[in-house]
Amino acid sequence: MLDKITVVGAGNVGATTAQRLAEKHLARTVVLVDVVAGVPQGKGLDQWESAPIEGFDTRVVGANDYGPAAGSEVVVVTAGIARKPGMSRDDLVRTNADIVKQVSQQIKATCPDAIIVMVSNPLDVMCWVAKQVAGFPRQRVIGMAGVLDTARYRAFLAEALNVSVADIQAMVLGGHGDTMVPLVSYTTVSGIPITQLLPKAKLDPIVQRARNGGAEIVSLLKTGSAYYAPSSAAVQMVEAIALDRKRILPCAAWLEGEYGLSGMYCGVPCKLGRGGLEQILEVELSSEERKALHASAEAVKQTMGVIAV
Ligand code: APR
């Protein structure tokens, strides 16, 4: 168990993340920070009042400043605006870059040893902004995207096959956008290659639906974007770090030559433990998958070009 985890942004994703962290007993204190007066305090208090029923001792507190967050071992960043129908994640870039810059300065000042788990979109570019501004090594700035994209893909596959989600193993790599790369060659059902269980004609639309998973929710909600699955995904990463589980999860990591790519964040298989990003695993890709990963990384670079850090 960690001493303190801070979640910046007490909106849909942030508040749900705080609650899940508390319910999983991952820290003694969870601090919710938001710019809106009263909201983080109110949501924190409401969650803490659920503790006697849910059976957790994690103290959830809210604040409008970073004083109570000081010394946090992990900071999850969910601050920013969410998508509306018709918007791509990249449409958020300027507004959210300014917010993430300001948040990262505060993290650097108050939590200099923290591991940042970035959730704000466009994800890969926001990771870069946080890394630049906080000046942390790549081990301590990691992005949540692949775990969510993979969860969506796994959920759709389980539905199509009428099997338990627990038995679907998969990885979605690349940037967190339309160019993400679900690795069909590494998708198995309890070790059985998915291609033996589903014909291409059924598999292709599932891959496409996973790519479009965020937009599907946005078009249904109309006033915001997904938060139940995104918060679950962020908490799975925090759990791997807090409990030093050495889990292999697809995360956005700063690349320094892996997969022939460098100078951008991109989703790759990562080992997460108490040190944060402890290793990037380089797995064999088909030439098609490699091409798709490079195209996805190129799309991230283009969005990076829109802002100055
Ligand atoms: N510092 C702290 N909090 C901030 C700041 C800031 N500088 N600027 C905005 N916020 C807060 C808002 O006040 C709001 O409470 O961030 C919160 C965002 O919450 P929502 O609007 O509910 O958005 P949410 O659905 O939680 O998505 C947040 O995560 O998944 C991504 O694309 C999504 O970028 C978006 C982010």
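Predicted model: local features only at pLDDT ≥ 70, side-chain atom pairs only at ≥ 80, totals over all residues.
### The cysteines

Cys 270 has a relative accessibility of 0%, so Cys 270 counts as buried. What about Cys 127? The closest cysteine sulfur to that of Cys 127 is again in Cys 251, but here the distance is 9.6 Å, which is also too far for a bond. Cys 127 is buried too, with a relative accessibility of 0%. A disulfide needs two cysteine sulfur atoms within 2.5 Å, and by this rule the count comes to zero disulfides.

Two packed helices are described by the angle between their axes and the distance between the axes.

| Helix pair | Angle between axes | Distance between axes |
|---|---|---|
| H1 (residues 12-23) and H9 (residues 228-242) | about 45° | 9 Å |
| H4 (residues 93-110) and H5 (residues 123-134) | about 35° | 8 Å |
| H6 (residues 146-161) and H7 (residues 200-211) | roughly 145° | within 9 Å |

Let us begin with H1 and H9. Their angle is about 45°, and the two helices are therefore oblique to each other. The crossing of H1 and H9 is right-handed. On the H1 side, the residues that meet H9 are Val 13, Thr 16, Thr 17, Arg 20 and Leu 21. Their partners in H9 are Tyr 228, Pro 230, Ser 231, Ser 232, Val 235 and Val 238. Sorted by class, the residues of this contact are six nonpolar, four polar and one charged.

Next come H4 and H5, where the crossing is right-handed. H4 brings Val 93, Asn 96, Ala 97, Val 100, Lys 101, Ser 104, Gln 105 and Lys 108 to the contact. H5 answers with Val 125, Met 126, Val 129, Ala 130, Val 133 and Ala 134. The residues of the contact of H4 with H5 are nine nonpolar, three polar and two charged.

The pair H6 and H7 also has a right-handed crossing. In H6, the residues taking part are Asp 149, Tyr 153, Phe 156, Leu 157, Glu 159 and Ala 160. They meet Leu 203, Ile 206, Val 207, Arg 209 and Ala 210 in H7. By class, this contact of H6 with H7 has eight nonpolar, no polar and three charged residues.

### Two residues to look up

Asn 96 sits in helix H4. Is Asn 96 buried or exposed? Its relative accessibility is 1%, so Asn 96 counts as buried. Setting aside neighbours within four places in sequence, Asn 96 is in contact with Gly 80, Ile 81, Asn 121 and Met 126. You have already come across Met 126, which is one of the H5 residues in the contact with H4.

Now follow the chain to the loop between H4 and strand E5 (115-118), where you will find Pro 112. Pro 112 has a relative accessible area of 41%, so Pro 112 is partly exposed. Which residues does Pro 112 touch, leaving aside its neighbours within four places in sequence? They are Ile 107, Phe 136 and Arg 140.

How values were computed: Residues numbered from 1 in each chain as written. Heavy atoms only, no water. Axes fitted to C-alpha atoms, helices over the stretch in contact; angles between N-to-C directions. Helix = DSSP H or I, 4+ residues; strand = E, 2+ residues; numbered from the N terminus. Parallel < 35°, antiparallel > 145°, perpendicular 65-115°, else oblique. Left-handed = near helix turned anticlockwise from the far one by under 90°. Contact = heavy atoms within 4.5 Å. Nonpolar A, V, L, I, M, F, W, Y, C, P; charged D, E, K, R; others polar. Buried < 20%, exposed > 50% of the residue type's maximum accessible area, 1.4 Å probe, protein only.
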